[in-house]
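Please view the sequence and the model together while reading.

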Amino acid sequence: RWAKQTGLSMIVVLGRAYKPGVPLEDGSSALLLLRQLADEGLAGWTVRSHDPSSGVEPGADQPAVYVVATNHEQYRGLAYPAGSVVIDPWGTAAVNPGSGVTLVRPGRR
């Protein structure tokens, strides 16, 4: 709900794999998150996902809520558009102060 207050309308789940470096998705917490988002029926929201094993870049071309679901090395240096919210439970996202990106690290200070 708080993300809706930012005016954003897209959620991008980064990583679908069970763990980094493995293309297996069975048992992935990212798939559980995607299922929960689908079940919520988030009216007005677009939900996308990306994984390095897909060979496609995440398309970080517009402000969105980005959730780092799998700790892939490729996501550590990803540049996020200004106005985005990055939820990073791994604590590895590199977000520069003053970039206009809000970094949320659940369970961390």
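In this predicted model, T102 is in contact with S84, V85 and V86, leaving aside residues up to four places away in sequence.

**T102 and its setting**
- T102 belongs to strand β5, which covers residues 102–104.
- With a relative accessible area of 42%, T102 is partly exposed, because that class lies between the limits of 20% for buried and 50% for exposed.
- A82 is 20 residues from T102 along the chain, and the C-alpha atoms of the two are 8.6 Å apart.

**Burial of strand β1**
- Strand β1 spans residues 10–14, and five of its five residues are buried, so the strand is largely enclosed by the rest of the structure.
- M10, V12 and L14 point one way from β1, while I11 and V13 point the other way.
- Residues on both sides of β1 are buried: M10, V12 and L14 as well as I11 and V13.

**Partners of strand β1**
- Strand β2 (residues 46–50) runs parallel to β1, and five bridges join the two.
- Within this pairing, H50 of β2 is the residue opposite L14.
- Strand β3 (residues 65–68) also pairs with β1 in the parallel sense, over four bridges.
- Y66 in β3 is the bridge partner of V12.

- A right-handed β-α-β unit is made by β1, helix α1 (residues 29–40) and β2.

Technical notes: Residues numbered from 1 in each chain as written. Predicted model: local features only at pLDDT ≥ 70, side-chain atom pairs only at ≥ 80, totals over all residues. Heavy atoms only, no water. Buried < 20%, exposed > 50% of the residue type's maximum accessible area, 1.4 Å probe, protein only. Contact = heavy atoms within 4.5 Å. Pairing = 2+ DSSP bridges. Right-handed = clockwise from strand over helix to strand, strands pointing away.
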